[in-house]
Amino acid sequence: MLPHPDEVQWNGTVNGEEASIFIESNAILLDVLRDKIGSLGTKRGCDMGTCGCCSVLVNGEPKLSCLTLAIDTNGADITTVEGLADGHHLHPIQQTFAEFGGSQCGFCTPGFLVVISALLSNNPQPDEREIKDAIEGNLCRCTGFQQIVDSVKAASEILVSGNVVGDSTSPKSDPHPGFGGN
Amino acid sequence: MAEEEEDSVSGDEIIGYRQQPGKLPFSRPGSGGKNRFSEATDPEKIPISQGGSLEQPWGPHRHDELVSGQIIGKPTALVDSSWKVTGRAHYGDDVRLPGELIGRIVRSPHHYARVLSIDCSKALELPGVVAIATGEDAKNRFGVLPVTKDEHAMAVEKVRHAGDLVACVAAIDEATAREAERLIEVEYEILEPIHDMRKGLDDSEEPIHDRGDYHIGESNIQKRVFQEFGDIAGMSQKSIASHKKSWLFAGVNHGFTEPHAVVANWDPSGRLTLYTPQQVPHYLHRALADVLEIPMHQINVHRTFVGGGFGGKSDPFPHEMCAAILARKSGRPVRITFDREEVYWVNRGRHPSRIEMNLHADKEGRICGIETDALIDGGAFASFGHVTTYYNGVLHTAPYEIGAFHYTGARVWTNKPASGAMRGHGAVNSRCAVEVGLDDLAEELGVDPITLRLANLLPPHSATITGFRVTSIGMRDCLERVKEESGWDKKFRKLPLGKGIGIGCGFFISGSGLPIHWDPNKFPHATVHLKVDMDGGVTIHTGAADIGQGSDTVVAQSVAEVLGLPLDMIRVKSRESDTSPVDLGSYSSRVTFMNANAAISAAMKIRDELIDATVEITGAERKGLVIGDRRIFLKSDPAVGVSYLEALHKAQEDRGALVSSGAYRTPPMGRTHKGAAAGLAPAYSFSAYVAEVTVDVETGQTKVDKVWAAHDCGKALNPLAVKGQIIGSCHMGMGQVLSEEMRYGRNGNLMNPDLLDYKIPSVHEMPEVVPIIVESNDPEGPFGAKEAGEGPLLPILPAVCNAVYDAVGVRTSELPMTPEKVFKMIEKRCRNEGVSDPTELECPSLQYSELQKTLEERGEKHKSRDKERRLDEDRGDYYNGALFGLDPSTPPDEVDPRWEVRVTPDEVYLASPRLAGSAWKHTERRHMEGTK
């Protein structure tokens, strides 16, 4: 039988929802989020802090969840990619990532989105240098970063304008077009 | 009869159905979709030949009449992007099934060893361990190519590289599985490993694989190629300038962000569902059936979202077999997820290679000969290597017209993780060598390197020296665009020391002409099914594997365009082999070309039925009807028409949902010599890049400042995705040229199997890329499209190499060009020139020779030749060789005795072969004396 680490209680808020669970005392935050909380949007790319795919916000600060002991986040307010949208109203950066090609295969996307959302909440109008500095810990192998930077600029414009991204599930004014009416 | 019918509906009075009579311009009734009125049909997207305003400098296309102005050519977000940006896209490791076990793999610590025994007893005693499997459980071989099946699920007899699979274990959690991994005791007899690819050419006591009768000598040569085309004897006689360089290219890895992961589950009915991020689900499907010894119909391969592929997820993999075997043994679902290190053990990255490149130019500045010798390091398994060995040669027979082509290539097995297909498969390294060679050749001839290229291009609709049928060529436009936009003439050889500008070109296949498993003349390469039910939405079933490049999107776009529907009315089902028609997968840049063509042909059948129904409702004449935005109407009088749903429901009367199937198959092409099919494609992409760099002469640090990247993708169906591919390719290629390398130590150990030491450029190293899309409107491509996924990677390497030469006057022969290497070259140059301070080195300069003018004139002449050829429907044949005075209308080897076509070496060559060429010194066992 393997020696088992102690189980300890972990309390925290994940995407606005309070969680109180038992975890192993040496558990890594990434594992807790994926395996216990069910935040499968938080990705494991390298397990050693080199790719940024596992980034989450801990009390608003971007952290690499693969290098964070879960126990150190006891009582924290954690935001993962699943917590960025407001219901079906996407965060502007989610919307512009799609529109401007910031996401291709999409595996690094959650990490980028989380880091950028933190950037935009602190600095709604970052310049190019600030954008690059913010995402320097995130690796994307598909896009070559350029379209990610474009997405951030576009999201910044939406944020500044105060507009809210629409909800794709809202009722249509004419859900059965093409039948009579004209 | 037909004429009578037409007569009856022509004339002033239109009989039948008129919506909103007298109200023009007609406002279109919507028929579904998010908004009642989706975006208006865009005349700028409709070709002039169809009454729109889209200019067609390359002439009309057979799909023009299908253009409804909806979506083709508009920047379009990927159809699955909302899943990705919300974190709800599920990749391999995100598939969680109730009762799952965690699988781990026991890997060899030795480079090469015989497995004497495996003792699992201690591991099996560990509480929580449910199943263990070894090579004994799956003895059948597999491999992506049927001709070179040399892999097992786990070692049978031998392990062939450090990290090779020996056994696997399934346990209730990861900690237990890792502990069990440690408890499995393996006894090895260590064998002498081979790490240097050159040694692979020699006879060995214990070759890494045994190919039986087809084994080449007792060596580790997996594949060898010899090709000679053209005026081989004349090439050196006529040469007035030549380039010779021996290159060493380090191996590189795909570096996708998602590590491999797989989930296997046998359901109560005895069927296996395998969830895996795969580029080639169908090949995996076949391999699983072979290894598990069950019929294919008992297996459902479920492709999850794929977190980057780039060729690295395009083999059936042993760990996929392991998961299936463990799940079978344990009766529970098994999930295996790789550590990042394991990704490097399975590898399949670009081959480390040694390439000798010789180029010759004659007095008229024609490229009278290319001689290439490429030795490539295949690592422990064959993978796609059979093809790679050809691609290293045949994929540089264009875009230039050449007088002679000599290629010797060999791929050897070594005790390293296997090399395989990676973006730009087989073409990247030798292309870099050719393009750097041309730069050197131009300097020797005293001409501008872009002028040299422009004066030696093959025309559109021609045949290369190896007999590839090339259709559209946008190469000239690519070169002219980057030349103009980069301000080339003001910069080339005129920038100060440390600043440089360079050019590079590329040529790549758009789909492979040969489907691996069957006769292309019998079975299609791609099949797409459509289903349109009463709701009006269109369901597409395709097996094309979306790996992030946007294949789901392009197939949806094609169908939406033909049926005049907004994109949100299309849903793509491409995940499961149970529901998707067979597709070969995402490799060889084939998906847009083949799948979109199949999708168009399926959509045309639905379109015909909708138009038939419209004729029935309105009585309008069929040939005048067009499809616009969710409406089918008379082009000459848009008020006459019906909404899409009305037509659809009419068509569904008495039969229910409309279904159709469309397929794509390549036309018969190419020549008949051995290996003629390798590199054959229904179309080819072309690209030209100019890179501007800054080199710190005191440290050797190279920074790419800006790249002008022109790529001829035929027609950009989704310009957003095309630009993404171009910029992403620049990023990946820049990594290979400047920093990325799978670094093996003196004892053959991989030193950097992680993303910290394997140096992928970060956002700070990434230059500004100006993507320039050139649309050559390929006659056979879907709406004119070709590929954009791989070709755009090729030119960045030589462009950077050439720019570094322009900046500091040194030419590398090793990649990656790390600061140390550049610094050493600068140091050497200083020594040679007696300069003590590198900042006082002179920049390379260029004095035009008389040839410059000749080449400029020839380039201009060819420009109008090319334009005529692409617009002239009745153009004659053009065989490579015409530039050298031969008749363009016949293959030169049929009329000119000097023109050779040879695929085996003669004794003269064998007397002094080049490096890879020496592979031909061995005899295949079946031809040896004393054996059969």
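Mentor: Start with one term: two residues are in contact, or touch, when heavy atoms lie within 4.5 Å. This is a predicted model, in which local features need pLDDT of at least 70, side-chain atom pairs count only at pLDDT 80 or more, and totals for chains, interfaces and linings use all residues. Residues are numbered from 1 along each chain as its sequence is written, chains are lettered from A and ligands numbered from 1 in the order in which they are written, and side-chain values use heavy atoms, with hydrogens and water left out.

Trainee: Which residues does His351(B) touch?

Mentor: Leave out residues up to four places away in sequence. The list then includes Gly251(B), Asp377(B), Arg411(B) and Asn429(B). His351(B) itself lies in the loop between helix 8 (340–346) and strand 13 (353–361) of chain B. Helices (H or I, at least four residues) and strands (E, at least two) are DSSP runs, numbered from the N terminus.

Trainee: Is His351(B) buried or exposed?

Mentor: Buried means under 20% relative accessible area, exposed over 50%, and partly exposed in between, with a 1.4 Å probe and protein chains only. His351(B) has 3% relative accessibility, so it counts as buried.

Trainee: Where is Ser462(B)?

Mentor: Ser462(B) sits in strand 16 (residues 462–463) of chain B. Its relative accessible area is 4%, so it is buried too. Its contacts beyond four places in sequence include Phe468(B), Ile473(B) and Tyr878(B). Ile473(B) is 11 residues along the chain from Ser462(B), and their C-alpha atoms are 9.4 Å apart.

Trainee: Now chain A. What order do its elements run in?

Mentor: From the N terminus on, read β-β-α-β-β-β-α-α-α-α. That comes to 5 helices and 5 strands. The C-alpha trace spans about 75 × 45 × 25 Å along its principal axes. Of the 182 residues, 51% count as buried.

Trainee: How do I read the contacts of chain A along the sequence?

Mentor: Take contacts between residues at least 6 apart in sequence. In chain A, 57% of these join residues at least 24 apart.

Trainee: What about the surface of chain A?

Mentor: Accessible areas come from the Shrake-Rupley method with a 1.4 Å probe; for residues, only the protein chains shown count as cover. Chain A has about 8000 Å² of accessible surface, 48% of it from carbon and sulfur atoms.

Trainee: How do strands hold together in a sheet?

Mentor: They pair through backbone hydrogen bonds, either parallel or antiparallel. Here, two strands pair if DSSP finds at least two bridges between them. Chain A has an open sheet of 5 strands, in the order 2-1-5-3-4, with mixed pairing. Strand 2 (17–24) and strand 4 (61–64) are its edge strands, each pairing on one side only. The twist averages 40° from one strand to the next. Angles run from 0 to 180 degrees between N-to-C directions, and axes are lines fitted to C-alpha atoms, for helices over the stretch in contact.

Trainee: How many bridges join strand 1 to strand 2 of chain A?

Mentor: Strand 1 (residues 7–14) and strand 2 run antiparallel over 8 bridges. One pair to find is Asn11(A) with its bridge partner Ser20(A). Helix 1 (residues 29–37) packs on this sheet, touching strands 1, 2, 3 (55–58) and 5 (77–79) of chain A, at about 110° to strand 2. Helix 3 of chain A lies across strands 3, 4 and 5, at about 35° to strand 3.

Trainee: What covers the buried residues of helix 2 of chain A?

Mentor: The cover includes helix 3 (109–122) and helix 5 (146–161) of chain A, plus helix 2 (81–85) and helix 17 (719–738) of chain B. In helix 2 (residues 92–99) of chain A, 6 of the 8 residues are buried, so it is largely enclosed by the rest of the structure. Among them are Pro92(A), Ile93(A) and Phe97(A). After the helix comes Gly101(A), with a positive phi near 75°.
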